[in-house]
Amino acid sequence: RCAEARAIVLSNMPVNGEYRLLTLDAPAEVLDCAPGQFFQLLCPVPEGEHPFLRRPMSIYGYDAHAEQLQFLYKIAGAGTRGLATLRAGDTLNVLGPLGQGFTMPDAWQNLMLVARGVGLATLAPLARMAQQQGRSLTAICSARSPELAMSVDLFRSYGAEVIVVHDEDGSSEVPALEALIEARIAAGSVDAFYTCGSRRLLTMLQRLGQKHGIPGEIAMEQQMACGLGMCQACVRPFREGNEVVHRRVCREGPVFPISEAIA
Ligand code: FES
């Protein structure tokens, strides 16, 4: 159940050379969230820009008790440039939580999370859920350089074993990363994968999943307009058995089974 709310900015700080963390005071009615869901943010319009649509952003952290909501973002366009102008005490109109989040079936006790860059932010709330449900979690954090590996401390604070791999161009993803994951699979410590965004990671996890019979889920990154299932701007093809079907990422996703996603 989503709602529109007026949130108040508590802080909006750089966390490294590329990413900023926005912390909002938000009403409890929008904080019944699941990891992997997102909000549509009515970002301030920077000077000289034309008004634009709400921007979708995956949830980095939420705490209904403390009434806090967090987003981790990189300045990449007018929307995020507008977000970066927010100061403590400013207000931000948020609409959410939206979409279908990650699931954690009982059979998935040993979880492996694999992501790169800002994709790690989308998986951060999943690490908290894993800890709350007593699951074991290995987080493989890939980045261009060690200081850009997001959320490493956060994953550790949720009890995850963290492995950081870094390279300039994503080349560590295959095959070195694949060998690393296969060693874990051989040791019997992977029941399911979680990932976000990267097509290269998706292809690799599909290959490994198929070879070893390991299921998993991916949060898809996709351009959106309404975010509410009405405009069809986010439709993508998916595999369903031998068929290709089309689904709205904002409504039926953004989380889908890894085996059904098409890279
Ligand atoms: Fe409009 Fe998904 S963004 S239907």
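Helices (H or I, at least four residues) and strands (E, at least two) are taken here as DSSP runs, numbered from the N terminus. The structure is a predicted model, in which local features need pLDDT of at least 70 and side-chain atom pairs count only at pLDDT 80 or more, while totals for chains, interfaces and linings use all residues. Residues are numbered from 1 along each chain as its sequence is written, and side-chain values use heavy atoms, with hydrogens and water left out.

Burial is judged by relative accessible area: buried means under 20%, exposed over 50%, and partly exposed in between, with a 1.4 Å probe and protein chains only. Thr122 has a relative accessible area of 6% and is therefore buried. Its side chain makes a polar contact of 2.8 Å with that of Ser58. A polar contact is a pair of N or O atoms within 3.5 Å; within protein, one must be able to donate a hydrogen and the other to accept it, and residues adjacent in sequence count only if both atoms are side-chain atoms. In the wider sense of contact, heavy atoms within 4.5 Å, Thr122 touches Gly36, Ser58, Ile59, Phe102, Cys196 and Ala219, with residues up to four places away in sequence not counted.

Helix 2 also takes part in the lining of the largest pocket, to which it supplies at least two residues. Pockets are found on a 1 Å grid over the protein atoms alone: a cavity is a set of points where a 1.4 Å probe fits but cannot get out, whereas a pocket is an open set with protein on both sides within 12 Å along at least five of seven lines, and lining residues have an atom within 4 Å of a point. Grid points are joined across faces, edges and corners, and a volume is the space filled by probe spheres set on the points. On these terms the largest pocket has a volume of about 1,200 Å³. Its lining comprises 43 residues, of which Pro56, Met57, Val118, Glu221 and Gln222 lie nearest the centre. Strand 4 (55-58), strand 6 (68-74), helix 1 (78-84), helix 5 (199-212) and strand 12 (216-219) are among the other elements that each supply at least two lining residues. Strand 4 gives the most, with four residues. By class, the lining has 22 nonpolar, 12 polar and nine charged residues, where Ala, Val, Leu, Ile, Met, Phe, Trp, Tyr, Cys and Pro count as nonpolar, Asp, Glu, Lys and Arg as charged, and the others, Gly among them, as polar.

Helix 5 also holds Gln210. This residue is exposed, with a relative accessible area of 71%. Gln210 and Ser259 are 49 residues apart in sequence and 8.1 Å apart in space, C-alpha to C-alpha.

The next topic is charge pairing. Side chains of opposite charge can pair when their charged atoms come close. A salt bridge is a side-chain nitrogen of Lys or Arg within 4 Å of a carboxyl oxygen of Asp or Glu, and by this rule the count is 10. One of them joins Glu161 and Arg184, whose closest N and O atoms are 2.8 Å apart. Glu161 lies in strand 10 (residues 161-166) and Arg184 in helix 4 (residues 176-186), so the pair ties together parts that are 23 residues apart in sequence. Both ends count as partly exposed, Glu161 at 37% relative accessibility and Arg184 at 21%.

Arg247 forms a salt bridge with Glu240, at 2.6 Å between the closest N and O atoms, and another with Glu260, at 2.8 Å. The second pair links distant parts of the chain, with Arg247 in strand 14 (residues 243-248) and Glu260 in the segment after strand 15 (255-257), 13 residues apart. Through shared partners, Glu240, Arg247 and Glu260 join into one network. Arg247 counts as buried at 13% relative accessibility, whereas Glu240 at 41% and Glu260 at 22% count as partly exposed.

Some backbone features remain. The peptide bond from Gly96 to Pro97 is cis, with omega near -5°, and Pro97 lies in strand 7 (residues 91-98). A cis peptide bond also joins Gly253 and Pro254, with omega about 10°; Pro254 is in the loop between strand 14 and strand 15. Glu67, a residue other than glycine, has a positive phi near 55° and lies in the loop between strand 5 (61-63) and strand 6.
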